[in-house]
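Here is a short tour of a two-chain model, written for someone who wants to click along. Have the sequence and the structure open side by side.

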Amino acid sequence: MVTKLSHSIIYVLNQDSAYDFYVNRLGFKVHTDAPMGPGARWLTVTPPDQPNLEIILMAIQEGMIFKEDPAKQMKELVKNGTFGFGAFECNDLMATYEELKSKGVVFKKPPTKEFYGYEALFVDDSGNWFSLGEKKEV
Amino acid sequence: MKMEKFGQTFKSFKMKETEPYPKVYLYKRIVQAKLFIDNHYAEKIDLNNISDEAYFSKFHFIRLFKKIYGKSPHQYLTYVRMEKAKDLLKTDAPITDVCFSVGFESISSFTGLFKRITHKTPSQYQQHELLRQEEMATYPLKFVPNCFVEAKS
């Protein structure tokens with residue numbers, strides 16, 4: 001029986017820059033930051049309220065995951081904002097929006113009332129975008 | 001704690017008639033108060049002054065802060081100090097240095113609170129973290145899921 005999601009991947013263009021974005025701007029915690037041989041680094045972060053869900057900030061480069069051509073293609077796709085990698089939750093959307101904006105996070109959409117509730121969309125330092133909303137009581 | 005800078009920051013906010021969201025200026029004040037705590041946690045912060053500078057009554061300020069962040073300003077300040085202490089204890093910094101550098105004035109109150117929150121004393125926590133880092137540097141594949149280990153090898 002599958003019991004939980006332990007790891008999820010976000011493909012990033014540069015791990016140093018992704019570290020700064022996810023840790024210093026979004027406020028995530030570093031879970032594991034381990035050298036993996038020449039030019040490779042295993043970097044995972046966790047959202048503050050989910051210390052057991054590791055988000056792998058995977059550098060798009062030839063090697064562990066990608067061959068040369070797919071790596072180039074993937075970099076272009078990420079840079080061009082092709083991928084929406086998920087939906088994050090916060091306690092208060094307006095407050096989180098104001099805070100992240102003050103930290104330089106770019107929003108594709110400010111908090112906006114949709115038929116399913118208020119939602120904002122922000123972009124990470126690589127070009128990946130995410131939905132941001134408040135916890136829903138269902 | 002010098003509050004002039006904080007006050008100037010707040011005074012720079014003006015309510016705009018064109019703001020797209022109701023009471024956005026209130027959010028901005030509370031967010032600035034939160035960011036002030038984030039940036040000045042190591043100093044002696046008088047939380048009473050923050051509500052004055054934010055143009056709120058103390059009661060109103062605490063109520064709004066708690067509604068948004070789920071903690072009172074004082075609880076949030078303690079939370080930030082503890083999180084920073086945890087970060088610093090991942091280095092070999094002396095416990096006393098960590099205690100004072102995150103804004104505590106007494107080792108015993110720092111140690112007691114730290115243990116109550118993490119169920120470890122600061123030195124136990126530090127030992128555990130340093131061992132984990134040593135292991136991470138020596139056996140990195142131990143920290144990586146199997147599928148990636150296979151891809152790597």
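## What counts as a contact

Two residues are in contact here if their C-beta atoms, placed from the backbone, lie within 7 Å. Keep in mind that this is a predicted model.

With that in hand, take B:Phe65. Setting aside neighbours within four places in sequence, B:Phe65 is in contact with B:Ile30, B:Ala33, B:Ser72 and B:Pro73.

## The cores

B:Phe65 also turns up in the largest nonpolar core, which has 25 residues. B:Phe65 is among the residues with the most contacts inside that core, together with A:Ala95, B:Ile30, B:Ala33, B:Ile37 and B:Ile68. Which elements give two or more residues to this core? From chain A they are helix H3 (93-102) and strand E7 (117-123), and from chain B helix H2 (24-40), helix H4 (58-69) and helix H5 (73-88). H2(B) gives the most, with 6 residues.

There's a second, separate core as well, made of 18 residues. Among them are A:Val12, A:Ala34, A:Ala59 and B:Val144.

## Helix H2 of chain B

How does the span of H2(B) compare with what its 17 residues should give? At 1.5 Å a residue they should span 24 Å, and the end C-alpha atoms are 24 Å apart, so the two agree.

The buried residues of H2(B) include B:Ile30, B:Ala33 and B:Ile37, each of them also among the residues with the most contacts in the largest core.

Over in chain A, 4 strands form an open sheet with mixed pairing, in the order E5-E8-E7-E6. Strand E5 (84-90) and strand E6 (106-114) of chain A stand at the edges; each has a single partner strand, so one side of each is left without a neighbour in the sheet. Neighbouring strands are turned by 20 degrees against each other on average, direction ignored.

E7(A) and strand E8 (residues 129-134) of chain A run antiparallel and are joined by 5 bridges. If you want a spot to look at, A:Ala120 stands opposite A:Leu132 in E8(A). H3(A) packs on this sheet, touching E5, E6, E7 and E8 of chain A, and its direction makes about 165 degrees with that of E6(A).

Is H3(A) mostly covered or mostly uncovered? Mostly covered: 8 of its 10 residues are buried. Those are A:Leu93, A:Met94, A:Ala95, A:Thr96, A:Tyr97, A:Glu98, A:Glu99 and A:Leu100. After the helix comes A:Gly104, with a positive phi near 90 degrees.

## A loop residue, A:Asp125

A:Asp125 is found in the loop between E7 and E8 of chain A. Why does A:Asp125 count as partly exposed? Because it has 19 C-beta neighbours inside 10 Å, and a residue needs 20 or more to be buried.

Not counting residues up to four places away in sequence, A:Asp125 touches A:Ser17, A:Ala18 and A:Phe21. A:Ala34 is 91 residues from A:Asp125 in sequence, and 21 Å away in space, C-alpha to C-alpha.

Definitions and conventions:
Residues numbered from 1 in each chain as written. Chains lettered and ligands numbered in written order. Predicted model: local features only at pLDDT ≥ 70, side-chain atom pairs only at ≥ 80, totals over all residues. Core = buried A, V, L, I, M, F, W, Y, C linked by C-beta atoms within 7 Å. Buried ≥ 20, exposed ≤ 12 C-beta atoms within 10 Å, placed from the backbone. Expected span 1.5 Å × (residues − 1). Pairing = 2+ DSSP bridges. Axes fitted to C-alpha atoms, helices over the stretch in contact; angles between N-to-C directions.
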